Amino acid sequence: RYYNERGKNLSGEMKFIEVRAMSEIKRILVPIDGSEISERAVQQAVNLAKANNAVIDFLYVANITGVMSGQQMTANVFLPELVLDAATKTGDAILERTMSKLPAGVAANTHCEAGNPSTVILEFAGDLNSDLIIMGTRGLGAIKGMLLGSVSQNIIERAKCPVMVVK
């Protein structure tokens with residue numbers, strides 16, 4: 001264990017951080033949405049994957065959360081099949097475009113899902129035993145102007161592996 005740069009967290013308490021050796025990074029999860037910021041996250045993942053011979057898992061999550069009558073909608077059953085098809089086709093196109101830009105020798109997989117982005121990303125990270133999540137500060141969500149998007153903030157707080165946030 002190592003101290004962070006100042007040895008303390010924001011509340012002034014001593015805080016230890018676990019530092020994972022780069023050679024231990026073998027699986028990188030990269031949630032993407034087609035935004036410029038997510039493309040920067042892809043580039044960081046490619047650089048780390050090349051340096052560590054790691055596999056990248058690109059994940060597109062069609063955000064099906066919304067507000068209906070004041071309650072959050074999180075199940076596919078609320079959406080018509082046509083809406084889900086359109087969302088996954090968009091995701092497939094973004095994933096295909098990302099894969100077409102990968103340099104030779106970088107191993108990668110693609111995954112397209114629908115659901116609450118934070119929940120799906122965290123589940124995938126656990127299921128894939130990801131060593132690192134690399135994501136943008138915020139993506140193409142409707143709410144702009146926040147310093148850190150709600151999805152990335154949620155992932156930082158709840159992920160069981162290290163998270164790199166790219167801006």
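Just after helix α1, N53 adopts a positive phi of about 55°. The structure is a predicted model.

**Helix α1**
- Helix α1 is formed by residues 36-52, 17 residues in total.
- From its first C-alpha to its last, α1 reaches 25 Å, which is close to the 24 Å expected at 1.5 Å a residue.
- The buried residues of this helix are I37, S38, A41, V42, A45, V46, L48, A49 and N52.
- An α-helix has 3.6 residues a turn, so residues three or four places apart point the same way.
- The cover over the buried residues of α1 includes the strands β3 (27-31), β4 (55-63), β8 and β9 (163-166), together with helix α2 (81-100).

- Leaving aside residues up to four places away in sequence, I133 touches L29, P31, A125, I155, A159, C161, P162, V163 and M164.
- Although 92 residues separate I133 from A41 in sequence, their C-alpha atoms are 9.6 Å apart in space.

- Beyond residues up to four places away in sequence, S152 touches M135, G136 and T137.

Definitions and conventions: Residues are numbered from 1 along each chain as its sequence is written. This is a predicted model: local features need pLDDT of at least 70, side-chain atom pairs count only at pLDDT 80 or more; totals for chains, interfaces and linings use all residues. Side-chain values use heavy atoms; hydrogens and water are left out. Contact means heavy atoms within 4.5 Å. Helices (H or I, at least four residues) and strands (E, at least two) are DSSP runs, numbered from the N terminus. The expected span of a helix is 1.5 Å times one less than its number of residues. Buried means under 20% relative accessible area, exposed over 50%, partly exposed in between (1.4 Å probe, protein chains only).
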